[in-house]
Amino acid sequence: MDLRIEFDRGTLLCFATPAASPHRLPGMRWDARVDCYRAPARYYGPILEQLQAEGIVADDAVRVAVPPFRFSSTPALRPYQAAALDAWRLARGRGIVSLPTGSGKTYVAAAAIAEYRRGALCLVPTKILLDQWHGMLSRLLGGTVGRYGDGSHDVLPVTVATFESAWRQMHQLGNRFDLLIVDEVHHFGSGLRDEALEMSAARWRMGLTATPPDCDAESALIELIGPVVFKLSIADLAGGYLSGFELIELRSELTQEEREEYEVARRTFAGVSDHFRSLAPEASWSDFMRWAARTPQGRDAIAAWHRARRVLSLTDAKNRMLGSLLDRHRGSRVLVFTADKQSSYRISLAHLIMPITADIKRRERDDMLSAFQQGTIRALVSARVLNEGFDVPAADVGIIVSGSLGEREHTQRVGRLLRPAPGKSAVIYELVSEGTSDVPQARRKRRGLE
Amino acid sequence: MASSSPALARCRVRDGIVLPQWFTERDHPWIRDLIETYTTFVGAPRQVLDERLARSSDGPCSTPGWRIAAHVLDKLFQSEIVSAAEPRVVRAVVFRTSATRPPREEALARAAEELGISIESVESSMLADLPGERRIRPPDEPVHASTVALRCNLAIAQAALKHSSHVAITLEGHARAVVRHAKLRGLICTVSRSSKDDRVVLEVSGPLALFRSTALYGRHLAELVPILSWARSFRLEAQCELRHGAGRLTLGPADPIPPSQSPRLYDSLLEQRFARDFTRATRDWELVREPEPVAVDDTLIFPDFAMTHTRNAKRRWLLEIAGFWTTGYIEQKLRRLRACGLTNLILCVDSSRDCGQSRLLPNCPVIRFRKRIDVTEVLAVIETQRPEFESRPGPTPDGTANRVPSSRRTFGTEHDG
């Protein structure tokens, strides 16, 4: 055999005779450190395809032996879920499925695993989702699923891992799975976590999201996962497979003190921001932040922007309005969303609502979520933890006090309230401060739901 | 990939050279002020200090240097929970009560009664375990401006190295710790001798360095800096891809970087336990941690322990513990050991990472373990079996033992473990 490929810490080593011309293989470069060719592990699939196309038989030592795939169940899919799986399959098992929150993305993933019957690694952003996916896949597939992250290191043919653990350990895990499923895939495409996808040799890749990646991340994600192959929005499913909902915007005024603080901060920020826009009209927000961080004036502007956000995160009027809404919906299960943890804690103390944040330990969070589910506590308040993937089907009222992450965050928060239940119709309040950046932001966020 | 960390902002690039803006004695006065601020808030909730710092950071104190120093002080001034009752229990009672007793005051009164504490204590305990509510503790030791400045310098050097993909280190003494770190972190390390003098030259890089710098391996390269200070002399060079330009970073003993804590004797609890169990179990054998490396084929291997009989030094065994391993790795390692005729090496493998016994060499003892290495099994091997030949001491990278003729060695690949 002229050619042998091995996995080496997130890369592929290729040992070959010159006749085999390994330099022609996708991603391969000569590595003088070890006297052989090397490629990032993500090229494993394309390399095999090229070898097959050229009729070259290689000694493939990339994959390690893993216990046999033993799962008994295949989840039943709704028509749109089956269509999503078909679209992904037609894209040769590489692509992103975009479905609204609550529409059952995990079912699509489980069906793909059951169909391919190969080792699968599912990456999720948080420890909470690690638990949720682990439980869901075990139930849907009818077998034991591994957990990697949050203190667990069980690697089984089907394993769920957090992004963080995957990033740290993919150099060791990268050759154990043929199928890579990435939940909330919009987190990838422009950061260090991309390294985890690069160091994986999985040939088939499925990204899942409720909010497709933006332009900056899209091209990187096409390389690492594949293009968006199926997309439905909340509007496509609301009232049918998702619960119907009413979105109510409630406006309020700032106090004089808040207004003064807000205006001073806004003017400080606008002075620098407008200057930057005139220099670079096409530049992104992150470009601005990097540019501003270099000068004292720029840093002052960033600090002013944070001050303005702090003012709007929980104004006096919003706080009073929140109290009234909580009273009005005393019989409902209410989720309150804020822009930051500090606002969550202030609300927690003022209205005696359980905060769900990353500071609260997993066991307590689980206890409180089941208490919420059973109705022994009436409301939860959160900044970000409840945004993604958290399964709280009982919730039927949402109060968005403030946000920090724009349209994507808003779509996810609304989706949190739309898990279907018999006779359920959700009500979502958005609290907006008149004459501030809240107003145009609320308009943009609404558009994101269409 | 680059980030906008304050430490990175203290690295300028001029004419292709990275110029770290080190903290010097001129910075000590304002660092002392900052230490004073932290000290003033000892006993206060952390968020009160944070608010005070946020006010400072809006003004002239918003420089990257100030933010680095504040970050260093955050680690020195830890916080603790102060509360009348366990916050988690308080929360469970309060939120349950508030669902059935709506007015806030009534819910708090009922919760206070149930918990047996005052209403004020209920309110102050509810979130007392959260980071912002924890009370600032005095540092374990007095904090000096000079110590903080040195730690800040380490952060600056490491920030730059995190954005490199390859470092070249020339050093005298203590090379083993650097090589060992590289091996543990999955870095590729080539070793050669300097042509001018007899110093060791290490070239260290991550497997993906061929394609781009990565945060994962960049972080591991940065971890080398404090280890270097244990060498008699060193020079580190790295090409860094910073956001505001690429440049070469050079570090040497004259740079104001603090010495690290002395390297840990053991890499894991497993090794520590084995050493303790072994020395308790026998006095006939002397156990040596990190003996000299052994030349095997074209590389060196670094056994974790050597065991020498106290009355017969020729009876000597080496022991290596394989952590995470694969069948291919073990096979390859054993093939290489067999090729060079090394039979006095005991390999300990974790049973939870299964490898068929039939694949392993019959004349190379392999001991399987689960969580703890059984010392009696090791003693059974070394007391009853005779290696086919005596051990062959190899070179140490810093030249304190026998040397091998070849001038270049590669470590840290899958092939040498």
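**View 1. Chain B holds 14 helices and 17 strands.** Helices are DSSP runs of H or I with at least four residues, strands are runs of E with at least two, and both are numbered from the N terminus. The model is predicted: local features need pLDDT of at least 70 and side-chain atom pairs count only at pLDDT 80 or more, while totals for chains, interfaces and linings use all residues. Residues are numbered from 1 along each chain as its sequence is written, and chains are lettered from A and ligands numbered from 1 in the order in which they are written. Of the 417 residues of chain B, 40% count as buried (20 or more other C-beta atoms within 10 Å of the residue's own, with C-beta atoms placed from the backbone). Among contacts in chain B that join residues at least 6 apart in sequence, 71% link residues at least 24 apart; two residues are in contact if their C-beta atoms, placed from the backbone, lie within 7 Å.

**View 2. The side of chain B that touches chain A.** Here 38 residues of chain B are in contact with 35 residues of chain A. The elements of chain B that give two or more residues to this side are α3 (46-58), α5 (87-100), α6 (104-115), β6 (188-193), α10 (215-222) and α13 (327-339). With 7 residues, α5(B) gives the most. By class, this side of chain B has 18 nonpolar, 13 polar and 7 charged residues. Ala, Val, Leu, Ile, Met, Phe, Trp, Tyr, Cys and Pro count as nonpolar, Asp, Glu, Lys and Arg as charged, and the others, Gly among them, as polar.

**View 3. Packing of α2(A) on α3(A).** Helix α2 (residues 79-90) and helix α3 (residues 105-116) of chain A pack at about 50°, with axes 9 Å apart. Axes are lines fitted to C-alpha atoms over the stretch in contact, and angles run from 0 to 180 degrees between N-to-C directions. The two helices are therefore oblique to each other, a class left over once angles under 35 degrees (roughly parallel), over 145 (roughly antiparallel) and 65 to 115 (roughly perpendicular) are set aside. A:Gln81, A:Ala84, A:Leu85 and A:Trp88 in α2(A) meet A:Tyr107, A:Val108, A:Ala111 and A:Ala112 in α3(A). These residues divide into 7 nonpolar, 1 polar and no charged.

**View 4. Packing of α10(A) on α11(A).** The axes of helix α10 (residues 285-292) and helix α11 (residues 296-313) of chain A come within 8 Å and cross at roughly 130°. α10(A) and α11(A) are therefore oblique to each other. A:Met289, A:Trp291 and A:Ala292 of α10(A) make the contact with A:Gly298, A:Arg299, A:Ala301 and A:Ile302 of α11(A). The contact residues comprise 5 nonpolar, 1 polar and 1 charged.

Notes
Buried ≥ 20, exposed ≤ 12 C-beta atoms within 10 Å, placed from the backbone.
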